[in-house]
Amino acid sequence: MTVQDIRSFNRFYTNVIGALDYGRRLYAPYTLTESRVLYELAHAPRTDAADLRAQLHLDAGYLTRILNKFEEDGLIERGPSETDPRRRRITLTTPGRQAAALLDERARQSVGAMLDTVRAEDRPRLADALRTVRTILGDGRAAPRPEDVVLREPAPGDLGWIVQRNAALYAAEYGFDADYEALVARIVADHAETHDPRRERTWIAELDGRPVGCVMCVRDDAPGAARLRLLLVEPDARGLGIGDRLVGALVDFAREAGYREVVLWTNDILAAARRIYRRHGFVLVAEKPHHSFGQDLTGQDWRLDLDATQE
């Protein structure tokens, strides 16, 4: 292995992914760097300029010019940081989220078209090779890190994944029967058919190109209330703070969407989830024994007062 081998591979791969002609490949008015900044903002709701500089290793002046352009185009808003008054918090506006989602969709289409040229029997070998490169050039880190996880909106197939993984995990870990799968399927189908994107949203946590977690924010029947539904984290991705990030993203969205409270229903056997809810300020307001999904359970209602937690 020589320096020339690495440089030769870099030239080859930048041509494969179209890095030198990114705007034309994705039909976008943004450079590769601008698109990456949009991507980071879309997947980290509490990002400020210092975070972006650290994550992307960008020159401060260059990043400032990009953010100024985004602000002029109405893609971002800047305000004081909640944790450090010396910093400026950056959030995407609705047009900004739409632009980021469009870029993400087109990037997926581009990569999907590239994978379509790879034979099915060669894909596992390709995936192993990519993991090997990341492990070796990433200081030998084989274990995933919290910063490797991104939160995104659902792509085609993700809603089906939510149903399948909820059913499989709850059957394996708690013995739930097919009634639970039917309930999840109804929740997901109703959300897919009737949700209002301004007031309702689904998040997928992605690690190494695969979904490893999810949560849904839907309108509740009670006026001014949002409901948290279907929080899930894959067993092999636990310990990375994914559940905490999913709930945090939902609470931020609910507050910005104008809800007064967030409510949820869970069962007392879900101890890890209840710890997350409590950390975010949810309060247990009622509980009641019931027999559902083939099990004797104790259902619990939890509530988060968004006006109180904002003060």
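User: Hey, in which sense do β6 and β7 pair, and over how many bridges?
Analyst: β6 and β7 run parallel, with three bridges between them. Two strands pair if DSSP finds at least two bridges between them, and strands are DSSP runs of E with at least two residues, while helices are runs of H or I with at least four, numbered from the N terminus. This is a predicted model, where local features need pLDDT of at least 70, side-chain atom pairs count only at pLDDT 80 or more, and totals for chains, interfaces and linings use all residues. Residues are numbered from 1 along each chain as its sequence is written, and side-chain values use heavy atoms, with hydrogens and water left out.

User: What stands opposite Ala 225?
Analyst: That's Glu 261, in β7.

User: And how many residues of β7 are buried?
Analyst: Six of its seven, so β7 is mostly covered. Buried means under 20% relative accessible area, exposed over 50%, and partly exposed in between (1.4 Å probe, protein chains only).

User: New topic: how many aromatic pairs are there?
Analyst: The count is 12. Rings of Phe, Tyr and Trp (its six-membered ring) pair if their centres lie within 6.5 Å; planes under 30 degrees apart count as stacked, over 60 as edge-to-face and the rest as tilted. One of the pairs is Tyr 170 with Tyr 180, tilted because their planes are at 40°, with the centres 4.7 Å apart.

User: Where do those two sit?
Analyst: Tyr 170 is in helix α8 (residues 158-174) and Tyr 180 in helix α9 (residues 178-194), 10 residues apart. Tyr 170 is buried at 12% relative accessibility, and Tyr 180 is buried at 9%.

User: Which aromatic cluster is Tyr 170 in?
Analyst: One formed by Tyr 170, Tyr 174, Phe 176, Tyr 180 and Phe 293.

User: Which residues are closest to its centre?
Analyst: Of the 36 lining residues, Tyr 170, Leu 231, Leu 232, Leu 270 and Ala 273 are the closest to the centre of the second largest pocket. Elements giving two or more residues to that lining include α8, α9, β6 (225-233) and β7 (261-267).

Note on methods
On a 1 Å grid over the protein atoms alone, a cavity is a set of points where a 1.4 Å probe fits but cannot get out, and a pocket is an open set with protein on both sides within 12 Å along at least five of seven lines; lining residues have an atom within 4 Å of a point.
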